[in-house]
Amino acid sequence: MLTRFRRFAPYVVPLFFGGCLFVVAVAAHSVRPELRVLVLTMLSGVTVSIIGAAAFLAARVAGMSSRRAMHVALTPIIFTAGTLSVFMLVEHTFTRYIIAVIALGLLCAHFASVLAMRGEIARYGHEELGHLSFVLQVIASFFGFAFAFGVSAFTTLPQAVVAVATGISVMLFVRERLWSEGVSSEQTFAIAIAFGVLGTEFFFALSFLPTTWAVNAAVALIFLVSGLHATMKILKGVTLLRRQFAFTFILILLVLGTARWT
């Protein structure tokens with residue numbers, strides 16, 4: 001049974017997710033507006049739960065402890081949730097195809113990498129998996145930011161609720177990155193809380209910009225990744241360079257300067 005799981009999971013799980021994306025796309029247009037949020041939430045919950053369970057099992061099959069397997073499984077959970085959220089938001093069919101292809105490819109790579117870590121002849125180690133997880137988490141963060149700034153197209157949730165949810169998502173992302181870098185639990189908790197608060201505040205600030213949700217999400221992601229990168233350097237005792245701040249500032253100006261202002 002487990003042998004079949006190791007062999008087919010990298011292909012079956014992404015294909016299952018692709019089917020779920022198709023169902024979500026259909027439901028977003030065919031379900032009555034008053035039931036749309038409930039139906040999409042239920043579909044997303046079931047999809048994330050199944051993929052999360054498969055990711056946890058894959059990590060356990062690879063010989064990881066239950067605690068580490070939970071951390072490893074959290075990455076595809078976050079990525080799946082982020083992909084589903086932005087998939088509902090996007091209206092163009094071609095863009096949805098691009099998102100689906102990227103999502104399925106990255107999920108396949110994640111499961112293949114985890115299952116290839118088993119035994120003495122493992123082809124991948126924790127460092128390689130950490131790099132791939134970071135890519136998935138960054139993309140998932142962009143998707144999450146995009147949905148937060150564009151969720152008003154689906155429902156009339158209070159902005160305060162969306163801001164708090166955004167802050168919690170930022171906190172979770174930062175916590176996972178610090179944990180993967182081996183930062184102590186006390187520092188991880190304090191830094192993650194600080195980033196969560198800043199994420200909530202930045203959401204309120206960026207929501208006033210007359211730009212699209214994609215532009216706001218890109219700016220928020222630049223702030224998040226740059227801030228986390230600077231924090232890691234400080235924790236390691238590395239001096240921050242002015243050119244790093246200058247690069248972040250120029251990148252944000254480039255995004256805002258080339259954006260379509262509404």
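**Close-up views of the predicted model**

**View 1. Phe 204 is partly exposed, with a relative accessible area of 30%.** Accessibility is computed with a 1.4 Å probe on protein chains only, and a residue is buried under 20%, exposed over 50% and partly exposed in between. The structure is a predicted model, in which local features require pLDDT of at least 70 and side-chain atom pairs pLDDT 80 or more, whereas totals for chains, interfaces and linings draw on all residues. Residues are numbered from 1 along each chain as its sequence is written, and side-chain values rest on heavy atoms, with hydrogens and water left out.

**View 2. Phe 149, Phe 203 and Phe 204 are linked by ring pairs into a cluster.** Four aromatic pairs are counted in the model, where the ring centres (Phe, Tyr, and the six-membered ring of Trp) must lie within 6.5 Å, and planes under 30 degrees apart are stacked, over 60 edge-to-face and otherwise tilted. Phe 149 and Phe 203 form a stacked pair, because their ring centres are 5.0 Å apart and their planes meet at 25°. This pair joins distant parts of the chain, since Phe 149 belongs to helix H5 and Phe 203 to helix H7, 54 residues apart.

**View 3. Gln 159 lies in helix H6.** Its relative accessible area of 37% makes Gln 159 partly exposed. Gln 159 and Phe 149 are ten residues apart along the chain, and their C-alpha atoms are separated by 9.5 Å.

**View 4. Helix H2 covers residues 33-61.** Helices are DSSP runs of H or I with at least four residues, numbered from the N terminus. The 29 residues of H2 should span 42 Å at 1.5 Å a residue, and the separation of 42 Å between the end C-alpha atoms agrees with this value; the expected span is 1.5 Å times one less than the number of residues. Among the buried residues of H2 are Leu 40, Ser 44, Thr 47, Val 48, Ile 51 and Gly 52. Further along H2, the buried residues include Ala 54, Ala 55, Ala 58, Ala 59 and Val 61.

**View 5. Gly 63 occupies the loop between H2 and H3.** Just after H2, Gly 63 adopts a positive phi of about 95°. With 59% relative accessibility, Gly 63 counts as exposed. Gly 63 and Ile 78 are 15 residues apart in sequence, and their C-alpha atoms are 22 Å apart in space.

**View 6. The largest pocket holds about 920 Å³ of space.** Of its 36 lining residues, Ala 81, Ser 85, Gly 144, Phe 147 and Ser 169 are the closest to the centre. On a 1 Å grid over the protein atoms alone, a pocket is an open set of points where a 1.4 Å probe fits, with protein on both sides within 12 Å along at least five of seven lines, and lining residues have an atom within 4 Å of a point. Points are joined across faces, edges and corners, and the volume is the space filled by probe spheres set on them. H2, H3 (66-89), H5 (126-150) and H6 (159-180) each contribute at least two lining residues. H6 gives the most, nine residues.

**View 7. The second largest pocket has a volume of about 530 Å³.** It is lined by 24 residues, with Gly 130, Phe 134, Arg 177, Ser 180 and Glu 181 nearest its centre. H3, H5, H6 and H8 each supply at least two residues of this lining. The largest share comes from H5, with eight residues.

**View 8. Thr 211 is placed in the loop between helix H7 (185-206) and helix H8 (213-235).** Thr 211 is buried, at 9% relative accessibility. Val 215 is found in H8 and is likewise buried, with a relative accessible area of 11%. The C-alpha atoms of Val 215 and Ile 252 are 9.8 Å apart in space, while the two residues are 37 residues apart in sequence.
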